[in-house]
Amino acid sequence: MLGKLTWSAIPFDQPIPLVAGGVVIVALLAVLIWVVVKGHLPYLWREWITSVDHKRIGVMYVLLASVMFLRGGSDAILMRIQQAIAYQSQGYLPPEHYNQIFSAHGTIMIFFVAMPFVIGLMNLVVPLQLGVRDVAFPTLNSVGFWLTATGALLVNLSLVIGEFARTGWLAFPPLSGLVYSPGVGVDYYAWSLQISGVGTLVAGINLVTTVLKLRTRGMNYLRMPMFCWTTLASSLLMVAAFPILTATLAMLLLDRYLGFHFFTNEAGGNVMIFMNLIWAWGHPEVYILVLPAFGIFSEVVSTFSGKPLFGYRSMVLATMAICVISFMVWLHHFFTMGAGPDVNAIFGIASMIIAIPTGVKIYNWLFTMYGGRIRFTTPMLWSVGFMVTFIIGGLTGVLVAVPPADFILHNSMFLVAHFHNVIIGGVLFGAFAGFTYWFPKAFGFRLDERWGKAAFWCTFIGFYVTFIPLYAAGMLGMTRRMQHYDVAVWRPWMIVAVIGMAILTMAVVCQVVQLVVSIRNRESLRDRTGDPWDGRSLEWATSSPPPVFNFAISPDVRGEDAYWEMKAKARQQQFAHAQPEYQDIEMPRNSPTGFVCAFFASIMGFALIWHIWWMVILGLIGAWATFVVFAWRDHDEYVIPAADVARIDRANIEERRNLVSLAGSV
Amino acid sequence: MAIAATAGHGHGHGDPHHIGLVIEHPGPAPKRVVTGFGFWIFLLSDIVMFSCFFAAYAVLLGQTADGPKGAELFDQRNVAIETVCLLLSSFTCGMASIAADVRNRLWFYLAMAATGVLGLIFLALEFREFAALVARGAGPTRSAFLTAFFTLVGCHGLHVTAGILWLLTMMAQVFAKGFRADIMRRLLCFALFWHALDIIWVAVFSVVYLLGSTP
């Protein structure tokens with residue numbers, strides 16, 4: 001009846017996951033009860049859960065990423081403490097638990113923090129920057145988000161029911177095969193990624209179509225803000241790479257569930273297929289994450305330097321070059337696995353070549369700042385911090401791209417330090433820069449600068465204190481994923497790293513305090529004009545938060561830095577005849593399809609993990625029925641009358657006029 | 001949809017890179033274009049997924065673990081009939097699209113029904129082939145080669161199954177709602193999907209059954 005699920009699945013004998021899971025459940029219940037008692041549930045259902053508004057979905061993505069960031073960060077703290085004390089001792093985490101923690105940390109940070117964070121920002125910003133009313137497929141957008149949330153739910157469920165994978169974040173076979181991992185850990189891993197992978201694919205298709213087909217009038221390709229270009233490149237990579245992940249995990253699951261022989265040691269299976277396929281997805285994935293971050297830095301640097309982006313066209317070229325070359329370097333992840341010197345050399349050279357367009361970008365940002373009137377706000381600090389940190393990470397990357405060097409450093413702590421250096425220094429700094437930069441657009445008030453800067457400095461210093469020691473330990477021969485060790489020279493570095501971890505924890509505290517303080521002081525931080533930073537692209541041309549239809553009148557773009565020009569023109573003409581003719585606007589109706597679909601997907605995923613076959617069929621039928629019901633409805637749009645549009649828009653125009661005349665008088 | 005071409009001097013004033021002639025982007029594309037385009041992107045991603053299974057098949061082709069090889073297993077006549085069914089169904093699917101374009105319900109239902117029946121015959125033949133292989137001990141767990149074979153061909157079969165479910169849903173939608181604009185967009189996507197399955201089958205036929213039966 002319940003497949004493999006019994007009471008023994010709940011880890012009563014392991015206090016750490018049990019307590020952690022218990023705390024999470026109590027916190028969730030408390031939030032739920034508070035929502036219900038306060039009567040917020042109908043509002044949440046109507047305005048958020050069923051929303052197909054790209055801005056709301058973007059905010060929910062970022063919220064999901066932030067919550068999962070706390071979970072992934074807790075795992076990191078546990079690991080650092082373990083390695084600091086596990087010198088010639090077992091530490092406090094038994095091996096099977098430690099292995100789950102580092103697997104969960106990697107899986108969560110990539111799939112459920114970095115991915116939803118950048119997808120959320122792209123969702124929120126790209127339609128605004130393109131001057132359009134929504135993404136190409138609003139309801140699918142909601143489906144994509146909720147499927148991602150389903151994946152996150154399943155990963156967290158493994159904390160209290162059963163176990164998570166002990167195989168590392170990419171679950172290499174044969175270790176992840178049924179023979180060596182008979183438990184449900186790998187199944188939790190694979191099914192949560194399969195389900196959230198569908199969500200990511202949907203998001204990718206949606207964003208590619210939006211950028212290529214839904215630009216406002218005059219928004220030629222070479223007038224798009226840089227963030228739109230990097231979104232396009234990143235979404236193209238999602239569309240091209242995520243199907244590979246789906247296929248690879250499907251093969252692994254077939255091996256595990258039906259006794260197939262893709263990656264087994266018997267009957268002619270070949271694990272190198274898995275290695276090649278998973279990294280043919282895995283390397284583009286890195287660029288899926290970091291390209292949007294590059295876009296964010298481009299926006300931030302140009303806005304806060306008060307200059308157009310230097311070398312816009314070279315930036316576009318560099319972005320698209322990275323997009324293509326990222327598919328030609330995957331083998332550098334396993335130089336040591338016997339491809340031979342010729343193949344290794346080719347992939348080594350390709351890996352070094354990809355550093356060139358990245359270098360182009362760095363110079364472009366520097367030249368954008370050069371001669372500019374720079375304002376060192378929090379987003380700008382993140383950007384400058386990124387440039388310094390990412391260069392170090394990039395240089396160590398070029399170092400390990402040399403096959404002979406890689407033979408020594410492969411799977412060492414040096415590698416761990418390298419990819420944290422690029423992912424924290426690149427993606428995370430970018431995500432935080434974008435978060436602070438676009439927060440006023442999403443919520444209508446700015447974030448507190450003092451706490452934001454404190455968060456930046458703690459992260460910046462904490463990052464170096466944590467990860468430079470890992471470089472050193474790697475050079476001293478320490479391999480990754482060690483539950484304990486007996487080499488005395490590694491110990492001091494592990495202790496320094498745990499101090500760095502403490503500083504990083506303070507940074508997270510600063511972020512939380514920043515949010516609380518800003519919400520409390522929101523009236524004094526209010527952004528009345530919709531353009532708090534003196535921005536250059538179209539998202540600043542509408543109010544903060546924007547109305548559901550984004551723009552009362554679709555903008556007509558005449559050049560790069562569209563909004564900058566509009567402002568210049570408006571200053572000249574003093575809004576002389578700014579009485580536009582408003583028209584009715586058709587907007588997509590909200591729909592519970594995404595939520596209901598994800599509900600059935602959760603049931604199906606859970607049932608698949610525990611081999612509860614009747615429940616699998618139930619979930620499948622439910623998901624299919626949801627789509628048929630969705631397809632059956634007759635009215636998927638509603639009309640906002642011109643009078644309402646006019647009323648909403650005039651208030652904002654008034655605020656803007658005040659701003660322009662103020663600026664004009666100064 | 002007119003593309004306004006204006007002399008760069010006046011219109012493209014803010015564009016520092018303009019070279020005399022600026023083609024103004026006309027604004028968001030119509031819904032039909034957007035939907036079709038998005039679905040094309042999906043199909044491309046689906047083809048990427050298939051390419052992984054093709055790659056696995058190519059690598060594992062020789063890994064028969066002392067079991068039967070493709071040449072001993074594949075029945076070319078059966079595969080030929082399957083191919084004819086699918087190619088014909090692509091033709092009837094095209095007929096259905098034309099019937100929908102001219103709003104002819106009778107021909108639409110006839111052509112869709114023919115498409116569905118041909119698809120079902122294809123599935124039945126494939127099922128029979130699979131069952132026969134399993135019965136003679138050449139199931140997917142026998143060797144890595146058969147694992148890759150069953151996965152690749154079965155994945156295509158699953159797509160055809162989903163296609164038939166979609167086909168029935170579309171017939172029901174046209175029956176209940178007629179040739180509305182949104183229904184027409186879905187029909188466009190369905191037709192794209194069905195033709196894409198054909199293209200993938202051509203690759204399956206060539207790579208799996210023709211190349212795979214060389215002794």
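Biologist: What makes chain B score as it does on pLDDT?

Modeller: pLDDT is the predictor's confidence in each residue, from 0 to 100; chain B averages 87, and 89% of the residues score at least 70. This is a predicted model, where local features need pLDDT of at least 70 and side-chain atom pairs count only at pLDDT 80 or more, while totals for chains, interfaces and linings use all residues. Residues are numbered from 1 along each chain as its sequence is written, with chains lettered from A and ligands numbered from 1 in the order in which they are written.

Biologist: Which stretch of chain B has pLDDT below 50?

Modeller: That is residues 1–13 of chain B. Where pLDDT is low, the predicted coordinates should not be read in detail.

Biologist: Why is Ser176(A) called buried?

Modeller: A residue is buried if 20 or more other C-beta atoms, placed from the backbone, lie within 10 Å of its own, exposed if 12 or fewer, and partly exposed in between. Ser176(A) has 28, so the word is buried.

Biologist: Which residues is Ser176(A) in contact with, leaving aside neighbours within four places in sequence?

Modeller: Contact means that C-beta atoms, placed from the backbone, lie within 7 Å. Among the partners are Ala165(A), Val186(A) and Leu252(A). The C-alpha atoms of Ser176(A) and Phe263(A) are separated by 9.5 Å.

Biologist: How many residues does each chain bring to the contact between A and B?

Modeller: Chain B brings 40 residues and chain A brings 46. On the side of chain B that touches chain A, H1(B) gives the most, with 16 residues.

Methods
Contact = placed C-beta atoms within 7 Å. Helix = DSSP H or I, 4+ residues; strand = E, 2+ residues; numbered from the N terminus.
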